[in-house]
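Subject: Structure handover

Hello,

The structure is below, and my notes on it follow. Please read them with the model open.

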Amino acid sequence: MGLLDGLRAVLGLRAETDARRDADPDDLFGMSTAYLTMEADLGYDSLDIGALCFSGVDSRSFRDAVDEVEAILEAGREETGTEFSVSSDDHGYHWVVLEDDNPEDLITSMHFAADTFIEHGYGSRLLAAVFAYEDRDGPAYWIYSFRRGAYYPFAPRPGRERASSAEFTLESTLDGELEIEREKEYWYPLWPSSGGTHPWE
């Protein structure tokens, strides 16, 4: 199974079959307090970046939905200072990448973007929300699966290795504060494209 097929299986088709409920962007607000725990209890600094991953549809109505997401984020840029960009990766997935040193504004902007897709009837195209952190040993991400309605940690290391001990620590510390994905087969690694650093690159 290739990378693209694996992502489809875990975050897409198979997760949709096994989904407990429809996508709920309100779950993203759980990260509002989690970032404090990440810093105070675990020594992780927020990288002030979050991203939404979604799969596209070749239709005018979907393009209109993406245009509205961009318009909403552009309108909110002056008020919140949240910078954003929309891009595609080498695997054929699309990303809304947001940057803001205020976690509350970052999460609120991400919520608006996700909610707009849902309002347009494209909640099923939302795959994941990604929140980036880093400590002295390297980066770590909290990934929220919209299809599963749960978070899981991802701590990548060079050579496409994962720091399992770091992921276990993140899971055990944030369990109860975040809705953690219990089935680890759904803890799918979101590796960046060739030459990229973050999953959306």
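The contact between helices H3 and H4 (contact meaning heavy atoms within 4.5 Å) involves Phe-62, Ala-65, Val-66, Glu-68, Val-69, Ile-72, Leu-73 and Thr-80 on the H3 side, and Asp-105, Ser-109, Phe-112, Ala-113, Thr-116 and Phe-117 on the H4 side. By class, this contact holds nine nonpolar, three polar and two charged residues; Ala, Val, Leu, Ile, Met, Phe, Trp, Tyr, Cys and Pro count as nonpolar, Asp, Glu, Lys and Arg as charged, and the others, Gly among them, as polar.

The model is predicted, with local features needing pLDDT of at least 70 and side-chain atom pairs pLDDT 80 or more, while totals for chains, interfaces and linings use all residues. Residues are numbered from 1 along each chain as its sequence is written, and side-chain values use heavy atoms, without hydrogens and water.

H3 spans residues 60-80 and H4 residues 103-119; the two pack at an angle of about 155°, their axes 9 Å apart (axes are lines fitted to C-alpha atoms over the stretch in contact, with angles from 0 to 180 degrees between N-to-C directions). H3 is therefore roughly antiparallel to H4, a term used for angles over 145 degrees.

The protein chain has five helices and eight strands, taken as DSSP runs (H or I, at least four residues, for helices; E, at least two, for strands) and numbered from the N terminus. Their order along the sequence is α-α-β-α-β-β-α-β-β-β-β-β-α. Of the chain's 201 residues, 50% count as buried, meaning under 20% relative accessible area with a 1.4 Å probe, protein chains only.

Regards

Notes: Parallel < 35°, antiparallel > 145°, perpendicular 65-115°, else oblique.
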